[in-house]
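Here are my notes on the model you sent over.

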Amino acid sequence: MATSSSGASSGSSMLRSSSSSEDFQPILDERKRKRMLSNRESARRSRMRKQKHLDDLMAQVSDLTNHNNQILTSINVTTQLYSNVEAENLVLRAQMTELSNRLQSLNEIIHFINSSNGVLQNDTNCDQPAYCHPHHQLNDDSLMNPWNFSTTNQPFMPSADMMMY
């Protein structure tokens, strides 16, 4: 009898455990369903965050591209202005060299006129002793003669203002 009672008791405990697992199955299924829904919602939020992050990065790329284009345009304009200033500086340097050469020539001419114009003579054709020269005499109309440099025999000195024009 012990065998039958132990066999019956083991069979009834099995029935109880299978019936209790059947009772918990809907609860387990409900938990599994809630977990799946929660996971789906979490995955959806994660995809939305990733998409928002991607959209933000794309907007940032667009802004940086526009900013780079503005900088490149600014660099190109500045480079063009620099080239124009360099070309103008070359012209001004050439003009300065030409004017310096002219100034030196004029100073040499003045020096030559000063050295050859100051000969003191007593000529019989001159009424009074004076500086006599075939084309130049120091008298009242000496200022009317354009070749008379006796009063303006000063070297030309360039000023800084003169080079700016």
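**Notes on salt bridges, patches and fold**

1. Arg-44 and Glu-41 pair up through their side chains in a salt bridge, at 2.2 Å from N to O. By salt bridge I mean a side-chain nitrogen of Lys or Arg within 4 Å of a carboxyl oxygen of Asp or Glu. The two residues are 3 apart in helix H1, so about one helical turn separates them. Arg-44 is partly exposed at 37% relative accessibility, and Glu-41 is partly exposed at 30% (buried is under 20% relative accessible area, exposed over 50%, partly exposed in between; 1.4 Å probe, protein chains only).

2. Before going on, some housekeeping: this is a predicted model, where local features need pLDDT of at least 70 and side-chain atom pairs count only at pLDDT 80 or more, while totals for chains, interfaces and linings use all residues. Residues are numbered from 1 along each chain as its sequence is written, and side-chain values use heavy atoms, with hydrogens and water left out.

3. Glu-41 also has a salt bridge to Arg-45, at 3.9 Å from N to O. Arg-45 is 4 residues from Glu-41 in helix H1, again about one helical turn, and counts as partly exposed at 40% relative accessibility.

4. Further along, Arg-102 bridges to Glu-98, with the closest N and O atoms 3.6 Å apart. These two are 4 residues apart in helix H1, so they too sit about one helical turn from each other. Arg-102 is exposed at 51%; Glu-98 is partly exposed at 41%. The structure holds 5 salt bridges.

5. Which residues make up the positive surface patch? Arg-31, Lys-32, Lys-34 and Arg-35 do. Patch residues have over 30% relative accessible area and no salt bridge; like charges are joined within 9 Å, and nonpolar side chains (Val, Leu, Ile, Met, Phe, Trp, Tyr) within 5 Å. Lys and Arg count as positive, Asp and Glu as negative, with His and the chain ends not counted; a charge is placed at NZ of Lys, CZ of Arg, CG of Asp or CD of Glu. Arg-35 lies in helix H1, residues 2–117.

6. Phe-24, Ile-27 and Leu-28 form a nonpolar surface patch with about 290 Å² of accessible area together (Shrake-Rupley, 1.4 Å probe; for residues, only the protein chains shown count as cover). Leu-28 is in helix H1 and is partly exposed at 45%.

7. Overall, the protein has 2 helices and 3 strands, in the order α-β-β-β-α from the N terminus (DSSP runs: helices are H or I, at least four residues; strands are E, at least two). Of its 165 residues, 6% count as buried.
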